[in-house]
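Trainee: Could you walk me through this one before I set anything up?
Mentor: Gladly; have a look first, and then ask away.

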There are 2 protein chains.
Amino acid sequence: VTQSEDTQVAAANQRFYAAFESLDVGRMEALWLRERYVCCVHPGWPPLFGWGAVMQSWQQIFANTLEMRFRLTDVQIRIAGDIAWAVLTENIESRSAHGWSTGLIQATNIYERHDADWLIVHHHGSPVVHPADDAPGQLQ
Amino acid sequence: VTQSEDTQVAAANQRFYAAFESLDVGRMEALWLRERYVCCVHPGWPPLFGWGAVMQSWQQIFANTLEMRFRLTDVQIRIAGDIAWAVLTENIESRSAHGWSTGLIQATNIYERHDADWLIVHHHGSPVVHPADDAPGQLQ
């Protein structure tokens with residue numbers, strides 16, 4: 001793993017969240033590998049497989065969102081060959097027709113290198129429950 | 001990707017759930033790569049990093065669980081070089097001091113090949129909300 005690879009993957013990860021904030025499906029489309037095995041798990045949703053289904057979900061989310069801002073914390077990136085994954089916490093402020101809301105989402109993003117590009121192939125986001133809301137040692 | 005690699009990764013993934021069902025920390029310990037970057041996100045928990053912290057969480061969960069049964073559905077496995085990831089739904093029946101409960105957890109498991117072994121380096125599990133409980137198009 002070279003410094004340059006780390007920088008490339010960090011940049012790909014930043015582009016993903018910049019596309020998310022842009023609410024522009026075209027920008028999001030360009031970042032995903034066009035394969036049937038790509039998968040997206042939005043918080044609480046069942047998994048979506050395949051580029052088409054995943055893009056449809058972004059359309060749906062973007063259509064219901066007026067504004068979206070991310071602050072990423074605890075970002076850890078690993079690279080092994082042509083695969084990289086980022087583990088991070090999304091600190092979200094979003095605005096819909098119902099007003100502003102905030103959320104804390106734990107994400108796993110997997111990227112594949114194709115030529116010079118690191119394209120996203122897997123996004124799994126899930127709500128982080130505040131410790132006070134949850135009993136330690138409980139699975140759910 | 002050879003048939004044999006697919007089989008190896010599927011077997012590693014099965015071993016992970018067999019260790020989970022066994023509630024035996026020693027069996028779980030043997031399956032994880034001993035590195036500081038391994039990460040485990042239990043449903044609703046903040047992410048745990050490092051082999052030690054992850055193993056402590058299994059101890060805690062196993063100590064609070066009397067029985068645990070998994071049925072895995074919609075399993076998709078991808079292999080690229082020495083990295084593989086499994087996306088699947090865990091259909092769980094578990095028994096604690098409070099009795100039996102069932103759950104549906106969406107999981108992303110990442111494995112790294114070390115010598116002949118595929119060791120788990122990342123587990124991210126999160127509750128699947130039944131569609132009726134959640135409005136489509138909503139992020140959270």
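**Strands, sheets and the pairing of the chains**

Mentor: Let me begin with a turn in this predicted model: strand 3 of chain B and strand 4 of chain B make a hairpin with 2 residues between them, and B:Gly81 in that turn has a positive phi of about 65 degrees.

Trainee: How many bridges join strand 3 of chain B to strand 4 of chain B, and do they run parallel or antiparallel?
Mentor: There are 12 bridges between strand 3 of chain B and strand 4 of chain B, and the two run antiparallel. As one of the facing pairs, B:Ala80 stands opposite B:Ile83 in strand 4 of chain B.

Trainee: And what's the strand order in the sheet of chain B?
Mentor: The order is 2-1-6-5-4-3, in an open sheet of 6 strands with mixed pairing. Strand 2 (48–49) and strand 3 of chain B stand at the edges, where each has a single partner strand, so one side of each is left without a neighbour in the sheet.

Trainee: Which strands of chain B run parallel, then?
Mentor: Strand 1 of chain B and strand 6 of chain B run parallel, and 3 bridges join them. Within strand 6 of chain B, B:His123 is the bridge partner of B:Cys40.

Trainee: Switching to chain A, what does its sheet look like?
Mentor: In chain A, 6 strands form an open sheet in the order 2-1-6-5-4-3, and the pairing is mixed. The edges are held by strand 2 (48–49) and strand 3 (67–80) of chain A, each with a single partner strand, so one side of each has no neighbour in the sheet.

Trainee: How many bridges are there between strand 4 and strand 5 of chain A?
Mentor: Strand 4 (residues 83–96) of chain A is joined to strand 5 (residues 99–114) of chain A by 14 bridges, and the two run antiparallel. They form a hairpin with 2 residues between them. Among the facing pairs, A:Ser96 stands opposite A:Gly99 in strand 5 of chain A, and A:Ser94 stands opposite A:Ser101 in strand 5 of chain A.

Trainee: What about strand 5 and strand 6 of chain A, how do they pair?
Mentor: Strand 5 of chain A and strand 6 (residues 117–127) of chain A pair in the antiparallel sense over 10 bridges. A:Arg113 stands opposite A:Trp118 in strand 6 of chain A, and in the hairpin of these strands, which has 2 residues between them, A:Asp115 takes a positive phi near 55 degrees.

Trainee: Okay, new topic: how many salt bridges are there over all chains?
Mentor: A search of the whole structure finds 8 salt bridges. One of the pairs meeting this way is A:Glu67 with A:Arg95, whose side chains come to 2.9 Å, N to O. A:Glu67 lies in strand 3 of chain A and A:Arg95 in strand 4 of chain A, so the pair ties together parts that are 28 residues apart in sequence.

Trainee: And how many of them are between chain B and chain A?
Mentor: The count between chain B and chain A is 2 salt bridges. The side chains of A:Glu112 and B:Arg78 meet in a salt bridge at 3.8 Å, N to O, which I would read with the cut-off in mind, as the nitrogen has to be within 4 Å of the carboxyl oxygen. Across the interface the rule also finds 12 residue pairs in polar contact, both residues being at pLDDT 80 or more.

Trainee: Which elements of chain B give residues to the side that touches chain A?
Mentor: Those giving two or more residues are strand 1 (39–41), helix 3 (51–63), strand 3 (67–80), strand 4 (83–96), strand 5 (99–114) and strand 6 (117–127) of chain B. The largest share, 8 residues, comes from strand 5 of chain B. By type, the residues on that side of chain B divide into 24 nonpolar, 15 polar and 5 charged.

Trainee: How much area is buried between the chains?
Mentor: About 3,800 Å² is buried between chain B and chain A, and carbon and sulfur atoms give 62% of that. In terms of contacts, 44 residues of chain B are in contact with 44 residues of chain A.

Trainee: Last one: what rotation superposes chain B on chain A?
Mentor: A rotation of 180 degrees with 0.0 Å of shift along its axis does it, at an RMSD of 0.0 Å. The two copies are thus related as by a two-fold rotation axis. In chain B, the C-alpha nearest the axis is that of B:Ser126, 2.9 Å from it. Moreover, 100% of the interface residues of chain B are also interface residues in chain A, so the copies meet through the same surface.

Conventions
Residues numbered from 1 in each chain as written. Chains lettered and ligands numbered in written order. Predicted model: local features only at pLDDT ≥ 70, side-chain atom pairs only at ≥ 80, totals over all residues. Heavy atoms only, no water. Contact = heavy atoms within 4.5 Å. Buried area = accessible area lost by both parts, 1.4 Å probe. Polar contact = N/O pair within 3.5 Å; in protein donor to acceptor, adjacent residues only side chain to side chain. Helix = DSSP H or I, 4+ residues; strand = E, 2+ residues; numbered from the N terminus. Nonpolar A, V, L, I, M, F, W, Y, C, P; charged D, E, K, R; others polar. Pairing = 2+ DSSP bridges. Least-squares fit on C-alpha atoms with pLDDT ≥ 70 in both.
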